[in-house]
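Please walk through the structure below with an eye on its geometry. The notes after it go part by part.

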Amino acid sequence: MSAEKFQNPVVRWIDHRLPIFSMLDHEKYDYPVPKNLNYMWNFGVLAGLSLAIMIITGIVLAMSYTAHVDYAFEAVERIMRDVNHGWMIRYIHMNAASFFFIVVYIHIFRGLYYGSYKAPRELLWILGVVIFLLMMATAFMGYVLPWGQMSFWGATVITNLFSAIPVVGDSIVTLLWGGFSVDNPTLNRFFSLHYLMPFVIAGVVVLHIIALHRFGSNNPIGIDASGPQDTISFHPYYTMKDMVGIAVFLLLLAIAVFFFPNAMGHPDNYIPANPLQTPAHIVPEWYFLPFYAILRAVPDKLGGVLLMFGAIAVLFVLPWLDRSPVRSARFRPLFRIFFWLLLIDAVALGYLGGKPAEGIYVVLSRIATAWYFLHFLVILPLLSVFETTKPLPKSISEPVLSRSKSANAPLGAGLEPAE
Amino acid sequence: MAKSDIKKTTASKRPEDPGRRDFIVIATNAMAGLGAAAVAWPLIDQMNPAADTLALANIEVDVSKIAEGQSITVKWRGKPVFIRHRTEDEIARASATDMSDLRDPESDQARAEKADYLVLVGVCTHLGCVPLGQKTGEVRGEYDGWFCPCHGSHYDTSGRIRKGPAPTNLEVPPYTFLSDSVIRIG
Ligand code: HEM
Ligand code: FES
């Protein structure tokens, strides 16, 4: 990569000493991307965009926020009523957090469907799960900051999860609280960490991308690109395709912010925190509900906590549970059925997590929890051995070319590779 | 010069006992590790309760105003404390319970200094919600004591766990009767 390719003398001067323009150029033009990516591959960029939106709106919110039990609720109300555009900035922060999780959940299920966690992308996948964990911690602490009823009781219940740890549990909870209950010291440290963690996430995202660029993107048919005829440059092809997704994403976010800003929130969080009274029905934010359902499905405290963390732990070892050499579900007829069952199971858990823990809901939660673990720990290892997969195409270009030749389809004709 | 070359030259000039070299390296790393841990500890321990938080005062409560069958909630160390003036029937049921029915066996006598007044930390031992049952008309659960709505724990008239995910009985805070009607909690 030589600096001569830049016309602008300032750019050339800088690039000679600090080759950041070369690096950007390298990503844009030289980084080969499989040419058959579908819209499911938009969600990585959308996750990055969400993180940027969260950081920008968050820093602005912090300028008017006060992390003190006597002032926090008022400060947020002041942001909503008096600070210029404060209501909009807060609603963007609130709703973009939900959108961030929607995007990341789709991103994760994309990876599950197309086998993107398989060799050689195991570390890339694991870094993704790390980001997911950090996001959950960040969102949890952010939700405490407005110091409403749900903030307080959410914080109480979640921090108490650690009291299930034998022997040291109670000391850990006291350490987290900085006192004998969730109180001012807790709010202070949560604000400090809520500010920090998004930047830690940004750091792990960099590692995620370095790992991605080692072997490039997976693709819908899950076989490696066999040469330049199977790839195109990121810019302008995928920058344009990503723009379409970004436009749709921003449109939906704007609809949520301006027309349904509280639809994904809980009305009880507009009641100031009261340490003496638990709301009748406490639920976490919607994006935690599947895990909350697993927690409540177990009638034992430690058991519930272990299973809940176990639900994420299985994702870390997934690359070694599913040993099938075929990546994409397109060529795995049985896996594909179980994939959809898992998706239904996850949605069902989310629904059950929001229902009271009684009667039929408990029974269903137990079945759904059992199925979740069965899927990862039993079904996937068995499928890797017993499933007969469909024959894989010889190259990424092959299925497209053979289709356009046989059917002479006008659509396929446009996809001829520019060799 | 590449790293391996350096090693070779030094090794040829001064043949050393590899065991000794390893020992120095391990000892140095161990010292650095200890130093790092010593620096990290204050940074972690600062999160524990500060001196003023620990010094939170005791509270004194006049219990003579509580009518039989009624309860009050007071705040102690940021947490609710339940004080219930129990009825004869509630006391009788609490003391008649068979120990083998209890998940966390404790006799009622051991939990209430004076049987009339039951003093409890009003924090569910599952995940810390405040159980219902203090106000008249609130659900009290299947054992007529307290009911935690968060994940469905039932406590009896002695505050002992009977059903649901909570592992232990409602905690009895340290308290003393200063007179017949005033107790000090803490
Ligand atoms: C990963 C990125 C982030 C996520 C997922 C996230 C999530 C959240 C959530 C869910 C809330 C509660 C919103 C509500 O219900 O009111 C919140 C509040 C808040 N966040 Fe963030 N946040 C992120 C980044 C940041 C950053 C970088 C800052 C910068 C300091 C920040 C500052 C704040 C402040 C001051 C509040 C309290 C005001 C409010 O409640 O709206 N956030 N955050
Ligand atoms: S906190 Fe009371 S049952 Fe879970």
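This is a predicted model: local features need pLDDT of at least 70, side-chain atom pairs count only at pLDDT 80 or more; totals for chains, interfaces and linings use all residues.

Residues are numbered from 1 along each chain as its sequence is written, chains are lettered from A and ligands numbered from 1 in the order in which they are written, and side-chain values use heavy atoms, without hydrogens and water.

Start at the metal. His93(A) and His194(A) each coordinate the iron atom of ligand 1 through NE2, at 2.0 Å. Donors here are N, O and S atoms within 2.8 Å of the metal (3.2 Å for Na, K and Ca); water is not among the atoms, so sites may look incomplete. The iron site has 6 donor atoms, with angles of 87 to 180°, and is octahedral. That label asks for six donors with opposite ones over 155 degrees apart and all others between 65 and 115. His93(A) sits in helix α5 and His194(A) in helix α9 (residues 184-215) of chain A, so the pair ties together parts 101 residues apart in sequence. Helices are DSSP runs of H or I, at least four residues, and strands are runs of E, at least two, numbered from the N terminus. His93(A) is buried, at 15% relative accessible area. His194(A) is buried too, at 16%. Buried means under 20%, exposed over 50%, and partly exposed in between (1.4 Å probe, protein chains only).

Next, helix α14 (residues 360-386) of chain A. A kink of about 45° is centred on His375(A). The bend is the angle between axes fitted to the seven residues ending at a residue and the seven starting there. Buried residues of α14(A) include Tyr372(A), His375(A) and Phe376(A). Among the elements covering them are α11 (289-297), α12 (301-321) and α13 (333-353) of chain A. Tyr372(A) touches residues including Ala311(A), Leu342(A) and Asp345(A). Contact means heavy atoms within 4.5 Å.

Where do the two chains meet? Chain A brings 26 residues to the contact and chain B 25 residues. Together they bury about 2300 Å², 65% of it on carbon and sulfur atoms. Phe180(A), Leu276(A) and Lys301(A) supply 32% of the area that chain A buries against chain B, more than any other three residues. Buried area is the accessible area (1.4 Å probe) lost on putting two parts together, summed over both.

Last, chain B. Thr87(B) lies in the loop between β3 (79-85) and α4 (88-96). Thr87(B) is partly exposed, at 22%.

How values were computed: Four donors count as tetrahedral if all angles lie between 85 and 135 degrees; four count as square planar and six as octahedral if opposite donors are over 155 degrees apart and all others between 65 and 115; anything else is irregular. Lists of a residue's contacts leave out its neighbours within four places in sequence.
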